[in-house]
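Here's a quick briefing to read with the structure open beside you.

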There are 2 protein chains.
Amino acid sequence: MSYKKRKVLVTGGLGFIGSNLSLRLVEEGARVTIVDSAETGCGANPFNIEPVRDRVTLLPFDIGEPESFHDEVGQAEVIFNLAGEISHVHGMELPERDLAINTLAQLRFLLACRDHRPGVRIIYAGTRQVYGVPEYLPVDESHPVQPVDFNGVHKYAATMYHLMLSAGGEMDAVVLRLTNVYGPRMALDVPCQGFLSTFLRRLLHGQTLEVFGDGRQLRDPVFVDDVVDAMLAAGAVPRLASRSYNVGGPAALSLMEMAEIMSRETGVGPPALRPFPEGRKTIDIGSYYTDASLIEAELGWRPKTTFESGLRRTLAYYAQHRARYLDVDSPNPHCKLDHAEKGRRKMVFAAV
Amino acid sequence: MSYKKRKVLVTGGLGFIGSNLSLRLVEEGARVTIVDSAETGCGANPFNIEPVRDRVTLLPFDIGEPESFHDEVGQAEVIFNLAGEISHVHGMELPERDLAINTLAQLRFLLACRDHRPGVRIIYAGTRQVYGVPEYLPVDESHPVQPVDFNGVHKYAATMYHLMLSAGGEMDAVVLRLTNVYGPRMALDVPCQGFLSTFLRRLLHGQTLEVFGDGRQLRDPVFVDDVVDAMLAAGAVPRLASRSYNVGGPAALSLMEMAEIMSRETGVGPPALRPFPEGRKTIDIGSYYTDASLIEAELGWRPKTTFESGLRRTLAYYAQHRARYLDVDSPNPHCKLDHAEKGRRKMVFAAV
């Protein structure tokens with residue numbers, strides 16, 4: 001299947017992965033509608049889609065209020081469902097907010113998909129976080145699910161919605177469980193978006209990197225263009241052989257190795273080891289890397305970009321657009337999660 | 001550990017299992033506080049605890065508003081957490097209500113436990129429903145989790161909260177994944193509480209039984225007194241060897257076998273096979289029975305009551321108290337889920 005002239009809906013299309021995906025979809029000739037409420041703290045940045053701003057439809061709606069865009073759901077040929085809060089730290093601080101964003105809003109959105117576009121192919125951006133502390137490496141799709149934080153629990157509930165509604169024939173969903181993704185358009189000004197965002201932010205400020213723990217924890221970072229390839233493949237295959245695929249990078253590297261490569265590329269001093277900050281240790285999962293053999297066998301996808309190469313492209317992007325990602329006017333409406341949020345997202349029941 | 005003089009909190013203590021548990025705890029000399037909001041449709045019935053009404057403290061609060069009973073949480077030595085909606089059919093009709101009751105309310109309650117009684121032993125009434133359609137039989141605790149309905153997704157999210165907070169050392173929870181439970185004090189006047197409730201209701205009305213499908217689906221019904229034994233054991237063991245135990249009955253019987261035994265015991269005519277009603281087939285899970293060897297090995301529990309024996313005790317109870325469970329004044333505030341509920345439980349976000 002080609003995406004040319006296809007009507008595609010991208011939720012969370014102002015975010016890091018969603019914007020890279022939207023740019024590529026426009027390039028491929030798709031008719032792209034983005035739904036993004038630019039929820040504070042979730043990494044949306046209108047600048048991310050500037051290159052295609054005139055060629056996409058942008059709906060500033062929350063997927064938890066899908067009555068605002070029923071028509072667009074009804075017309076979608078493929079839906080890429082990337083809206084959500086990815087910060088594990090935000091989720092631990094404000095679990096009810098995380099439940100609202102990652103589970104309740106997904107429930108409402110998926111029921112709208114079921115009602116207005118039954119059977120539609122949906123690609124959901126899941127996360128390796130649902131596996132928790134790996135029992136074995138590399139982690140394949142059969143690994144037990146045992147999230148260590150609220151964000152993982154809530155993303156897994158949304159994962160189960162997709163799978164359950166697909167098993168019932170009401171939609172045709174596929175879940176990509178993503179490892180750490182990096183690349184251009186990553187939010188750098190939002191705290192707690194993962195260590196790669198933090199590392200890049202520090203590098204752009206000329207600061208040396210700090211690695212928590214002993215620095216030996218392994219990760220398999222995957223470049224965003226490779227993730228976009230995986231999503232496009234999952235959206236285009238006529239008949240899905242599986243409904244869950246792990247998506248990882250080309251190699252496992254230790255946090256210290258990555259910090260060293262990043263420091264070398266940018267000329268800052270060598271990285272330093274630091275003890276885990278209070279409260280972070282319990283949500284650390286040790287080493288993780290992906291067994292991506294299922295998606296390779298069934299969708300022909302594999303990561304192409306080495307960490308060094310992806311990093312250079314990332315640094316080149318931020319060198320050019322630094323002002324759009326760092327030191328943005330404060331208070332920054334698209335990125336800071338402050339204490340006012342704590343009260344605002346408490347759920348209540350409406351009277352009839 | 002003995003329960004004598006222990007302060008015990010039971011959520012959902014007006015319900016079927018919760019009330020049987022509360023009666024036994026009183027018998028064992030515990031100081032029992034029941035928290036139960038008597039949520040419409042969830043099976044609470046004040047008559048259930050009549051024999052001990054003067055010997056328990058009854059707090060008419062929703063566990064989703066734990067600020068109403070912080071002090072009692074803070075004093076609890078053991079918490080039996082049974083509050084919830086068990087109907088799969090209600091969950092499919094009103095998924096957002098099910099999310100509010102089974103996930104959001106549990107989140108708030110568990111955070112209150114963490115804050116006011118860190119490290120407390122909590123026994124959570126989980127469900128076999130989280131396993132979905134069995135991949136093998138009997139089903140042990142390692143079976144993949146793949147719920148087929150919203151109730152299963154939401155109960156599993158609450159299960160993950162218990163496990164995750166326990167892994168982090170913030171509580172000491174154990175999840176009992178219960179198969180079909182039956183016995184005295186089961187709600188019979190609430191639609192959609194499972195086939196055993198429906199069968200009993202029909203029998204008490206002198207109606208013949210109807211079995212959906214081919215009647216060959218296996219289940220392993222467990223008598224409520226046996227479940228109470230399992231809960232007491234899980235609450236009393238000084239150190240938990242595991243955090244999840246499957247709890248099942250002594251034998252696997254087909255739906256038709258059970259219907260035949262029940263019809264024979266009550267003298268109604270032979271049961272009839274009926275096709276699945278619209279919408280029910282997708283949430284049917286085929287055959288299920290439990291591998292309960294882990295709880296036997298680690299907690300010394302096994303089911304003692306045969307189906308025939310438990311059934312006779314159940315029928316004797318309802319013969320005596322029929323008017324409290326059937327044909328209760330309509331509209332019945334403690335059991336009917338009507339359309340007004342559909343709007344009432346919609347979640348919204350409160351302003352600061």
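Before you start, keep in mind that this is a predicted model. Chain A has an open sheet of seven strands, and chain B has an open sheet of seven strands too. The largest nonpolar core runs to 191 residues.

**The sheet in chain A**
- Reading across, the strand order is β3-β2-β1-β4-β5-β6-β11 (chain A), and the pairing is parallel.
- The edges are β3 (56-59) and β11 (244-247) of chain A; each has a single partner strand, so one side of each has no neighbour in the sheet.
- From one strand to the next, the twist averages 20°.
- Strand β5 (residues 121-127) of chain A runs parallel to strand β6 (residues 172-178) of chain A, and seven bridges join them.
- If you want a landmark in that pairing, look for Ile123(A), which sits opposite Val174(A) in β6(A).
- β6(A) also pairs with β11(A), again in the parallel sense, over four bridges.
- Here Arg177(A) has Asn246(A) in β11(A) as its bridge partner.

- The order is β3-β2-β1-β4-β5-β6-β11 (chain B), with parallel pairing.
- β3 (56-59) and β11 (244-247) of chain B take the edges with a single partner strand each, so each has one side left without a neighbour in the sheet.
- The twist here averages 20° from one strand to the next.
- Strands β1 (residues 7-11) and β2 (residues 31-35) of chain B run parallel and are joined by five bridges.
- Lys7(B) faces Arg31(B) in β2(B) across that pairing.

**The core**
- In soluble globular proteins, nonpolar side chains tend to be buried together.
- Which residues have the most contacts inside the largest nonpolar core? They are Leu176(A) and Leu176(B).
- Setting aside neighbours within four places in sequence, Leu176(A) touches a list of residues including Ile123(A), Ala125(A), Tyr245(A) and Val247(A).
- Ala230(A), Met231(A) and Ala234(A) are also among the contacts of Leu176(A).

**Helix α8 in chain A**
- Helix α8 (residues 255-266) of chain A has twelve residues, which at 1.5 Å a residue should span 16 Å; its end C-alpha atoms are 17 Å apart, in agreement.
- Leu255(A), Met258(A), Ala259(A) and Met262(A) are buried in α8(A).
- Look down the axis of α8(A) and its buried residues fall within an arc of 100°, so they line one face of the helix.
- Among the elements covering them are α6 (195-204), β12 (253-254) and α10 (307-321) of chain A.
- Gly267(A) follows α8(A), with a positive phi near 75°.

- Helix α1 (residues 16-27) of chain B has twelve residues and should span 16 Å at 1.5 Å a residue, which agrees with the 17 Å between its end C-alpha atoms.
- α1(B) is mostly covered, with nine of its twelve residues buried, among them Phe16(B), Ile17(B) and Leu25(B).
- After α1(B) comes Gly29(B), whose phi is positive, near 90°.
- Helix α6 (residues 195-204) of chain B is mostly covered as well, with seven of its ten residues buried; these include Leu196(B), Phe199(B) and Arg201(B).
- The cover over the buried residues of α6(B) includes β7 (181-182), α8 (255-266) and α10 (307-325) of chain B.
- Gly206(B) follows α6(B), and its phi is positive, near 75°.

Notes. Residues numbered from 1 in each chain as written. Chains lettered and ligands numbered in written order. Predicted model: local features only at pLDDT ≥ 70, side-chain atom pairs only at ≥ 80, totals over all residues. Helix = DSSP H or I, 4+ residues; strand = E, 2+ residues; numbered from the N terminus. Expected span 1.5 Å × (residues − 1). Buried ≥ 20, exposed ≤ 12 C-beta atoms within 10 Å, placed from the backbone. Pairing = 2+ DSSP bridges. Axes fitted to C-alpha atoms, helices over the stretch in contact; angles between N-to-C directions. Core = buried A, V, L, I, M, F, W, Y, C linked by C-beta atoms within 7 Å. Contact = placed C-beta atoms within 7 Å. Arc of directions from axis to C-beta.
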